[in-house]
Amino acid sequence: MESIVSSSSSSSSVFSKLSNFSSKSSQNRPGLISVSTNFRSPNGLITHCPLISVLPKQSQNRRRYSTVVVRASAAGSGSGSSSPLGPLELESPVGKFLSEILKSHPHLLPAAVDKQLEQLQTERDAQKQIADPSAASETDLVLYKRIAEVKANDRRKALEEILYALVVQKFMDANVSLVPNVAPSKSDPSGQVDNWPIQEDKHERLHSTEAFEMIQNHLALILGNRLGESSSVAQISKVRVGQVYAASVMYGYFLKRVDQRFQLEKNMKLLPQGVDRDTVVGQATADDFKQPIGSDEHPKPHPEVSSWSGNPGAGFAPGMKASRLRNYVMSFDPESLQQYATIRSKEAVSIIEKHTEALFGRPDIVITPQGTIDSSKEELITISFGGLKRLVLEAVTFGSFLWDVESYVDSRYHFVMN
C-alpha cells in the first residue's frame, strides 16, 4: 500500500518534543525548513513511511463536505459552545478577556491587545525596580525573586494567548474557518473526522504567488500522487497527522519569513542573478520517500531541503514545480539559512504545541522495551485526502500568521531574542 504522509518511527509525539523545545536555550531553537515531524534536533526532517491504509472503494464514503465547523466569524455572538478561538480554550485572565472581545466585538481586539501589552510592560518595568539590590535588603530579594518568577510566568502565558488571539483574528478577517478539533462526528456512522470545506482558494489569497507555489510543493511532498483525490478516504495514525500539522505550521512560519525578504528585494530589484530562471531538477525516486517503521537509520532529508543545503541533485517529488522563491532560498549562505530556519521565541513554540494538542488531543504514547513507539497502540482516524489537504493548508497559514503577529507584538513589547 502506498505511503502518503510520513514521519520517523523512532520519534516520540510532536507534543512532548515541542515541549522540550520550549525549555531549550535560544541557541537550541528548532529548525524550520526541515519541516521536522520528529523534532529530535534542529536538523530533524520529514521522512516518508508507510502509515496509511487506503480503504477499499466500496467502503469509501463519497459524500459532500458539510460545513459543520467552528467558524472564526465576526458575526459570532458568543453564545453556545462554538468559539471563534477554534480548538484552544484560553485560560489566563487576559486570554479570557480577549476571547470575549473576539466573540462580541472582534474589531476592537487590536486596541485591547495594545492596552494589555502596555500593562505587561509596566508590570515588567516595576518588577525590575523591585529586584534592584539598591532598593531592597538582601533578605527581601529572596522573596522578590520568587515573586518575580511567578509574575514572569503569568506574563509569558498572557503573551502566548495574546499571540493566539491575534492569529485567530487574522483568520476571521480572511473569513477562513478554523477546524475545531479532529474527532469523529457523533452523527456520522462512518467515523470520518473531516467535515470541513477545503477552502483552498481562500488560503491561496493569503499568500504571495511565489509562496503559494512553495505550499503546493509542500502538499505534493506530503500527499504524493493522492493530491488530487480529495474524496478518497484513508485510515491514518492520529499522532502522525498531528506531527505533520505541527511541522506544517513551522514550515509556514519559515515561508513567511523568507517571503517577506524576497518580496522586498524583488520590489527593489535586488534579487540575486538566476533567481528568475526555472531550475530543472531531477525526479526523486520512490525510495527517497520511504523508511521502514522501526528502522534505526537516520531520517532522510526532505527532498526540497536537500537542494537548499547544496545538493540540487536531490530533486523534486512527483508533482512538485520549480519556484522563484525556492531558487531564492537556494542562494542563501548557510549562516543566513540557519537564521531564517529558526522560531524566534519560546512563546511561538508553545503556541504551536498547545494549538496542535488542542486540535488532535493528547496522544497516549506507549514505548516498547527497545525504546521505540508501539504503533499497535496508536489511534487511527478515518479521513479523506481532501481533509488532509485542508489541515496542511490551515497549518501553513497558521504559521504564516504567527510570524506576522509575533513581529507586531514584539514591536510593542520586546520578547523576541533575535
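How are α7 and α12 oriented to each other, oblique or roughly parallel? I began my notebook with this pair, and I keep in mind throughout that the model is predicted, so that local features need pLDDT of at least 70 and side-chain atom pairs count only at pLDDT 80 or more, while totals for chains, interfaces and linings use all residues. I number residues from 1 along each chain as its sequence is written, and side-chain values use heavy atoms, with hydrogens and water left out.

**Entry 1: α7 and α12**

I looked up the axes of α7 and α12, which come within 7 Å and cross at roughly 45 degrees; axes are lines fitted to C-alpha atoms, for helices over the stretch in contact, and angles run from 0 to 180 degrees between N-to-C directions. The two helices are therefore oblique to each other, since angles under 35 degrees count as roughly parallel, over 145 as roughly antiparallel, 65 to 115 as roughly perpendicular and the rest as oblique. I noted that the crossing of α7 and α12 is right-handed, a word used if the near helix is turned clockwise from the far one by less than a right angle, with left-handed for anticlockwise. By class, this contact has 13 nonpolar, 5 polar and 5 charged residues, where Ala, Val, Leu, Ile, Met, Phe, Trp, Tyr, Cys and Pro count as nonpolar, Asp, Glu, Lys and Arg as charged, and the others, Gly among them, as polar.

**Entry 2: α6 and α12**

I then turned to helix α6 (residues 209–223), which packs with α12 at an angle of about 135 degrees, with the axes 11 Å apart. These helices are therefore oblique to each other as well, and their crossing is right-handed. On the α6 side I found Phe-212, Ile-215, His-218, Leu-219, Ile-222 and Leu-223 in the contact, and on the α12 side Phe-385, Leu-388, Lys-389, Val-392, Leu-393 and Val-396; contact means heavy atoms within 4.5 Å. By class I listed 10 nonpolar, 1 polar and 1 charged residues there.

**Entry 3: the core**

Which residues touch the most other members of the largest nonpolar core? I found that they are Ile-162 and Leu-391, in a core of 83 residues, a nonpolar core being a set of buried Ala, Val, Leu, Ile, Met, Phe, Trp, Tyr and Cys residues joined through side-chain atoms within 4.5 Å. Helix α12 (residues 385–410) gives this core its largest share, 13 residues. Not counting residues up to four places away in sequence, Ile-162 touches several residues, including Val-94, Leu-98, Gln-116 and Val-409.

**Entry 4: single residues**

I looked up His-355, which lies in helix α11 (residues 346–360) and counts as buried because its relative accessibility is 0%; buried means under 20% relative accessible area, exposed over 50% and partly exposed in between, with a 1.4 Å probe and protein chains only. Beyond its neighbours within four places in sequence, His-355 is in contact with residues that include Tyr-164, Tyr-245 and Glu-394.

I also checked Gln-199, whose phi is near 60 degrees, a positive value in a residue other than glycine, and which is buried at a relative accessible area of 10%. Lys-269 is not a glycine either and has a positive phi of about 55 degrees, but Lys-269 is exposed, with a relative accessible area of 75%.

**Entry 5: the whole protein**

I finally noted 12 helices and 3 strands, these being DSSP runs numbered from the N terminus, with helices (H or I) of at least four residues and strands (E) of at least two.
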